[in-house]
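The model shown below is predicted.

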Amino acid sequence: MNDLHDTDTTARRSMMDRLRIDLYLMRLDWHLEGGLPGAGRKNVIRSLRDDLLVEPRSTGAALRDLGPASGLAARYGDEGMKRPLWSIGIITAGAALLVYWALFLSYVWGMLAAVDDAGAQQAHSAFLFLVPVTAFDTEAGVGIGWSSGLAWLVVPLVITLLAFALGARLWRLTRRRNRRG
Amino acid sequence: MSRTDAQRDGQLLRGALPLLILTLLSERESYGYELVERLSALGLQAGTGLVYPALSRMERDGLLAAYTAASSQGPPRKYFGLTAAGEHQRNDSHQQWKHLQRAVQDALTSTGELR
């Protein structure tokens, strides 16, 4: 519930307060994509930023009263007309790609360490049973590599596209078309 | 008040909020946060998280008109007032609310008599 007594009568926001407000509004903007078209979204964000900057309560109390950005966005949105969340899709895809490469690099560095410990010349394996990887430790040099096939490109691409589709809730496109039909 | 009580009250209030906002704004124009304070003074705990989206939707639907006015306490504020459509909507909603209130009261009374 709202705490109307947690007031800051100076009504001035410090740089840190403005940053908190901007971060909150950024998250709200991502979620609003699901309910409002671009112009409406900009209006909401601008209006809410103005309100938050002049509200007499502390920034923490004002943001607590608004609640989680996802819930607030749902209340602002057009009820029953959900749109895809393109921004969240891009963020999810980027995060999935980062995780993929972090796991991949951990895997190949592990292979390289094993080759080094065993004194073997090279070792072959398949990351996620699909991407052929080679680790070698020879007199000419130490390194990792993968085959010239397309698996090294296709696997992360599929993971990224899948993460994008899930993050963006792409199925909402078909629901909207069905409703229009 | 427990969290469940607060959620239940929030859901009850959400249904009546557009009518409350239209009624308060028909008395006098207000900015968003002032409306929250006016509702609170009436014993209705509607936070900015409920009131701001409701104002935005009603403005989008043409029930409210907004303008920015200078404030003696700081930056300019966005004030809301009723449009003709908003006034019409207020009257309609008020009638519907009275009808609903009567129906609910009748249902509660008859259930009480059965017991």
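In strand 2 of chain A, the residue standing opposite A:Ser125 is A:Val133. Another pair links A:Ala126 to A:Pro132, its bridge partner in strand 2 of chain A. Strand 1 (residues 122–127) and strand 2 (residues 131–137) of chain A are antiparallel and are joined by six bridges. The two form a hairpin with three residues between them. In the turn, A:Leu128 has a positive phi of about 55°.

A hairpin is also formed by strand 2 and strand 3 of chain A, here with four residues between the strands. Their pairing is antiparallel over five bridges. A:Phe136 stands opposite A:Gly143 of strand 3 of chain A.

Taken together, three strands of chain A make an open sheet in the order 1-2-3, with antiparallel pairing. Strand 1 and strand 3 (142–146) of chain A are the edge strands; each has a single partner strand, so one side of each lacks a neighbour in the sheet. On average, neighbouring strands of this sheet are turned by 20° against each other, direction ignored. Helix 5 (residues 86–118) of chain A packs on the sheet and touches strand 1, strand 2 and strand 3 of chain A. The direction of helix 5 makes about 35° with that of strand 2 of chain A.

| Helix pair | Axes come within | Crossing angle |
|---|---|---|
| Helix 1 (residues 15–32) and helix 2 of chain A | 10 Å | roughly 155° |
| Helix 5 and helix 6 (residues 151–168) of chain A | 7 Å | roughly 145° |
| Helix 4 (residues 69–76) of chain A and helix 3 (residues 48–60) of chain B | 8 Å | roughly 30° |

Helix 5 of chain A, besides packing on the sheet, crosses helix 6 of chain A in the right-handed sense. On the helix 5 side the contact includes A:Trp86, A:Ile90, A:Ala93, A:Leu97 and A:Tyr100. On the helix 6 side it includes A:Pro156, A:Ile159, A:Ala163 and A:Phe164. By class, this contact of helix 5 with helix 6 of chain A has 14 nonpolar and four polar residues, and no charged ones.

How do helix 1 and helix 2 of chain A run, roughly parallel or roughly antiparallel? Their axes cross at roughly 155°, and an angle over 145 degrees counts as roughly antiparallel; the two helices are therefore roughly antiparallel to each other. Helix 1 of chain A passes helix 2 of chain A in a right-handed crossing. Helix 1 of chain A contributes A:Ile21, A:Leu25, A:Leu28, A:Asp29 and A:Leu32 to the contact. They meet A:Arg41, A:Val44, A:Ile45, A:Leu48, A:Arg49 and A:Leu52 of helix 2 of chain A. By class, the contact of these two helices has eight nonpolar and three charged residues, with no polar ones.

Helix 2 of chain A also takes part in the contact between the chains. That contact takes 19 residues from chain A and 19 residues from chain B. On the side of chain A that touches chain B, the elements giving two or more residues are helix 2 (38–54), helix 3 (59–66) and helix 4 of chain A. Helix 2 of chain A provides the largest share of this side, eight residues. By class, the residues of the side of chain A that touches chain B are ten nonpolar, four polar and five charged.

One helix pair spans the two chains. Helix 4 of chain A and helix 3 of chain B cross at roughly 30°, and angles under 35 degrees count as roughly parallel; the helices are therefore roughly parallel to each other. Their crossing is right-handed. A:Leu72, A:Arg75 and A:Tyr76 in helix 4 of chain A meet B:Gly49, B:Pro53 and B:Ser56 in helix 3 of chain B. By class, the contact of these two helices has three nonpolar, two polar and one charged residues.

As to confidence, the predictor gives the complex an ipTM of 0.76 and a pTM of 0.69. Chain B averages a pLDDT of 86, and 86% of the residues score at least 70. Within chain B, confidence is lowest in helix 1 (residues 3–27), with a mean of 80. Confidence in chain B is highest in strand 1 (residues 30–31), at 94. Where pLDDT is low, the predicted coordinates should not be read in detail.

Conventions
Residues are numbered from 1 along each chain as its sequence is written. Chains are lettered from A and ligands numbered from 1 in the order in which they are written. This is a predicted model: local features need pLDDT of at least 70, side-chain atom pairs count only at pLDDT 80 or more; totals for chains, interfaces and linings use all residues. Axes are lines fitted to C-alpha atoms, for helices over the stretch in contact, and angles run from 0 to 180 degrees between N-to-C directions. Angles under 35 degrees count as roughly parallel, over 145 as roughly antiparallel, 65 to 115 as roughly perpendicular and the rest as oblique. A crossing is left-handed if the near helix is turned anticlockwise from the far one by less than a right angle, and right-handed if clockwise. Two residues are in contact if their C-beta atoms, placed from the backbone, lie within 7 Å. Ala, Val, Leu, Ile, Met, Phe, Trp, Tyr, Cys and Pro count as nonpolar, Asp, Glu, Lys and Arg as charged, and the others, Gly among them, as polar. pLDDT is the predictor's confidence in each residue, from 0 to 100. Two strands pair if DSSP finds at least two bridges between them.
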